[in-house]
Amino acid sequence: MRSSDTAPGNLGLFSEEELQQPPRMEHLGPQSLALRGFALPWIERLLPALEQVLAQAPFRQMLTPGGFTMSVGLSSCGQLGWTTDLTGYRYSATDPQNGYPWPRMPEVFRQLAVAAAHAAGFADFTPDSCLINCYRPGAKMSLHQDKNEHDYSAPIVSLSLGLPAVFLFGGLQRSDRSLRVPLLHGDVVVWGGVDRLRYHGVLPVKDGSHPLLGQQRINLTFRQAGPTLELDRKRRSAEQGGQG
Ligand code: SIN
Ligand code: FE2
C-alpha cells in the first residue's frame with residue numbers, strides 16, 4: 001500500500017476510501033443505533049487526548065456498594081465523573097483518588113460525542129461527563145441501567161476502542177432478552193429517548209492484541225449527568241417567582 005493511500009497518522013490500518021465510507025447504521029431499538037466505524041476518522045486525534053487524560057487520572061479498580069472489586073478499570077473526564085464505593089454509585093466533581101477536579105473533557109471527545117448523538121437523531125447533546133472503562137481480557141460489565149444521571153432526557157453515547165467485545169443490549173426489565181452486538185474499534189452506540197433506560201452490559205473480553213491499543217478494550221461513555229442548562233434556567237426562574 002502506498003503511503004498516499006492512507007490518511008496521515010492512521011498507521012495504514014484503514015484506506016482513505018474506508019475512512020470516507022459513510023458509517024453504517026444499525027438500529028438496535030426505536031431510539032438506539034450502532035454507528036459502525038463512526039470514530040475511525042477521529043482516532044488519530046482521540047488517542048493522544050485519551051493518553052493525556054489517563055496521565056492525570058489513571059485507571060483504578062473501584063469497589064461496588066456490595067463490596068466487589070470491579071474487573072473493569074475506571075477513569076473519567078469532564079465536569080462530573082462516575083464513581084462507586086461501599087457507600088454507593090454517584091457522580092463526583094472531583095477524583096476521589098486525589099481530591100482534584102477530573103481532567104477537562106478534551107474538545108475532540110466532546111465533538112465526537114455530539115456528532116455521534118446528532119447522527120443518531122439526538123440534537124443538542126451537551127455531555128458533561130465521560131466515563132472511561134478499561135477492559136483487560138476477561139473483564140466484563142454486568143447488565144445494568146445508566147440511571148445515576150440527574151435526568152434521562154439526554155442519550156448515552158458509547159465509543160469502543162481496541163479489542164472487540166460483545167455488547168449486551170437488553171430491555172427495560174433485567175429479565176428481558178438481550179441482543180448480542182459485536183463491537184469493534186471505532187464503533188459508537190447511541191441510545192436515548194424510549195430506549196434510555198435499557199439494560200446493557202459487556203461479556204468477558206476475549207484475549208487478543210489490538211494493533212493500536214494492545215491487550216485491552218477501552219470504552220468511553222459520554223453522558224449528560226448533571227442538570228442541563230435549560231433545566232437550571234427553569235429552576236432559577238421558578239425560584240425567582242417565575243420571572244425571567
Ligand atoms: C458501560 O455501560 O458503562 C460500558 C459499556 C461498554 O463498555 O460498552
Ligand atoms: Fe452503562
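Visitor: What is the strand order of the open sheet of seven strands?

Guide: In this predicted model, the order is β1-β2-β11-β8-β13-β6-β3, and the pairing is antiparallel. Neighbouring strands are turned by 20° against each other on average, direction ignored.

Visitor: Why are β1 and β3 called edge strands?

Guide: Strand β1 (24-29) and strand β3 (73-78) each pair on one side only. Each is therefore an edge strand, where pairing calls for at least two bridges between strands.

Visitor: How do you know that β2 and β11 pair?

Guide: Count the bridges: strand β2 (residues 32-36) and strand β11 (residues 188-191) share four, in the antiparallel sense. The cut-off is at least two bridges, so β2 and β11 count as a pair. Ser-32 stands opposite Trp-191 in β11.

Visitor: What does helix α2 touch when it packs on the sheet?

Guide: Helix α2 (residues 43-56) touches β3, β6 (129-135), β8 (156-162) and β13 (217-223). Contact asks for heavy atoms within 4.5 Å, so α2 meets that cut-off with these strands. The direction of α2 makes about 95° with that of β8. Helix α3 (residues 107-119) packs on the sheet too, touching β1, β2, β3, β6, β8, β11 and β13, and its direction makes about 120° with that of β8.

Visitor: Why is strand β4 called mostly covered?

Guide: Four of the five residues of β4 (residues 81-85) are buried. Buried means under 20% relative accessible area, so four residues of β4 fall below that limit.

Visitor: What makes β4 and β5 a hairpin?

Guide: Strands β4 and β5 (residues 88-92) pair in the antiparallel sense over five bridges, with two residues between them. Trp-82 stands opposite Tyr-91 in β5.

How values were computed: Residues are numbered from 1 along each chain as its sequence is written. Chains are lettered from A and ligands numbered from 1 in the order in which they are written. This is a predicted model: local features need pLDDT of at least 70, side-chain atom pairs count only at pLDDT 80 or more; totals for chains, interfaces and linings use all residues. Side-chain values use heavy atoms; hydrogens and water are left out. Axes are lines fitted to C-alpha atoms, for helices over the stretch in contact, and angles run from 0 to 180 degrees between N-to-C directions. Buried means under 20% relative accessible area, exposed over 50%, partly exposed in between (1.4 Å probe, protein chains only).
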